[in-house]
Amino acid sequence: AYPLCALAVSDERPCRNPDQETPSEALKTVTQLKKLIADAKIPEDRHRGVSELAEILCELVSEKEMTTLLPFLIPGINDSSEEAAYGTAQMFKGLVKGRANETSEYVEKLLDVILSELKKLAKDSPVIEEVLGATCLLGKAHFNTVITHLLGLRLPVSREAKLVYCALAADEGLTTQVLDRVLDVINTNPIQKLEITPLVCVATSALSTILSLPAVEGLMDKYYFTIFSTLVTRIGTAAGKLPKGKGKAVTKKKKVTDCVAARLRLPRHTGDR
């Protein structure tokens with residue numbers, strides 16, 4: 001194994017100046033590194049090279065240009081070439097790893113693009129794991145913004161949104177935060193009598209989605225009774241009257257279904273009652 005960046009960049013790698021809006025001339029060295037990555041015969045060498053290239057770009061690309069680079073990079077995860085798509089996902093994750101803290105002003109835009117592109121990926125695509133990993137990094141840097149944006153999405157909750165919920169909840173550093181926030185939304189938001197309450201419905205669907213994760217099951221000793229009482233109360237609010245109409249009836253049914261699904265996924269508590 002060999003560090004690809006060592007073949008193209010000196011040991012004294014120039015660091016990015018935060019006030020420097022124009023990228024350093026040292027970016028020219030990246031051209032040679034990109035060629036080495038493209039010519040690598042072993043996939044692992046290419047993947048390692050992409051990760052190292054991302055580290056270099058994190059140091060050299062200005063904050064202003066990063067606001068353009070990240071959103072325009074994401075659609076590349078659906079490249080017709082599987083190798084190129086995977087490399088793009090790796091690059092995006094690597095850039096987010098180094099610069100996530102700078103994305104506060106446009107993290108919602110990134111989430112929208114991520115969700116849009118995840119929708120196009122096959123369920124078994126290896127690209128998904130890399131993209132979700134990047135999303136978790138965004139979640140760690142801007143948790144409130146990320147979870148608020150996800151909970152504000154339209155019903156029904158999409159497959160790609162559920163993937164993101166699961167990724168966030170499965171992350172060791174985010175599990176408790178996600179669970180606390182979802183439960184808080186369900187328990188503290190007023191329920192409308194005549195219409196559904198979208199925010200609570202989305203939160204209930206999110207809870208139903210993440211309950212079966214090992215990371216969440218590991219917290220059952222602490223959260224079991226809180227979740228149980230939340231679901232019992234939630235089913236009660238889902239049984240209210242709704243205006244006549246086929247569409248509304250389906251939505252009402254979905255509300256109750258999510259509650260029941262969440263209850264069925266709740267692991268049996270083996271401790272003292």
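1. Start where H6 meets H7. Val107, Leu110, Leu111, Ile114 and Leu118 of H6 touch Ile128, Val131, Leu132, Thr135 and Leu138 of H7. Contact here means heavy atoms within 4.5 Å. Sorted by class, this contact of H6 with H7 holds nine nonpolar residues, one polar and no charged. Ala, Val, Leu, Ile, Met, Phe, Trp, Tyr, Cys and Pro count as nonpolar, Asp, Glu, Lys and Arg as charged, and the others, Gly among them, as polar.

2. A word on the source. This is a predicted model, in which local features need pLDDT of at least 70 and side-chain atom pairs count only at pLDDT 80 or more, while totals for chains, interfaces and linings use all residues. Residues are numbered from 1 along each chain as its sequence is written, and side-chain values use heavy atoms, with hydrogens and water left out.

3. How confident is the model? The average pLDDT of the protein is 81, and 70% of the residues score at least 70. The pLDDT is the predictor's confidence in each residue, from 0 to 100. Be careful with residues 1-14: pLDDT stays under 50 there, and the model has 29 contacts for them beyond four places in sequence. Residues 246-250 also have a pLDDT below 50, with three contacts beyond near neighbours in sequence.

4. Now the overall picture. The protein has 14 helices and zero strands. Both are DSSP runs, numbered from the N terminus: helices are H or I, at least four residues, and strands are E, at least two. Of the 273 residues, 44% count as buried. Buried means under 20% relative accessible area, exposed over 50%, and partly exposed in between (1.4 Å probe, protein chains only). Take contacts between residues at least 6 apart in sequence: 77% of them join residues at least 24 apart.

5. Back to H6 and H7 (residues 127-141). They pack at an angle of about 160 degrees, with axes 11 Å apart. Axes are lines fitted to C-alpha atoms, for helices over the stretch in contact, and angles run from 0 to 180 degrees between N-to-C directions. H6 and H7 are therefore roughly antiparallel to each other. Angles under 35 degrees count as roughly parallel, over 145 as roughly antiparallel, 65 to 115 as roughly perpendicular and the rest as oblique. The H6 and H7 crossing is left-handed. Left-handed means that the near helix is turned anticlockwise from the far one by less than a right angle; right-handed means clockwise.

6. H6 (residues 107-118) also packs with H8 (residues 143-151). Their angle is about 50 degrees, and their axes lie 10 Å apart. That makes H6 oblique to H8. This crossing of H6 and H8 is right-handed. Val107, Glu108, Leu111, Asp112 and Leu115 of H6 make the contact with Thr145, Val146, His149 and Leu150 of H8. By class, five are nonpolar, two polar and two charged.

7. Look at the loop between H8 and H9, where Pro156 sits. The peptide bond joining Leu155 and Pro156 is cis, with omega about -10 degrees. Most peptide bonds are trans.

8. Last, Lys162 in H9 (residues 159-170). Buried or partly exposed? Lys162 counts as partly exposed, because its relative accessibility is 27%. Leaving aside neighbours within four places in sequence, Lys162 is in contact with Val157, Ser205 and Thr209. Lys162 and Ile210 are 48 residues apart in sequence, and their C-alpha atoms are 8.3 Å apart.
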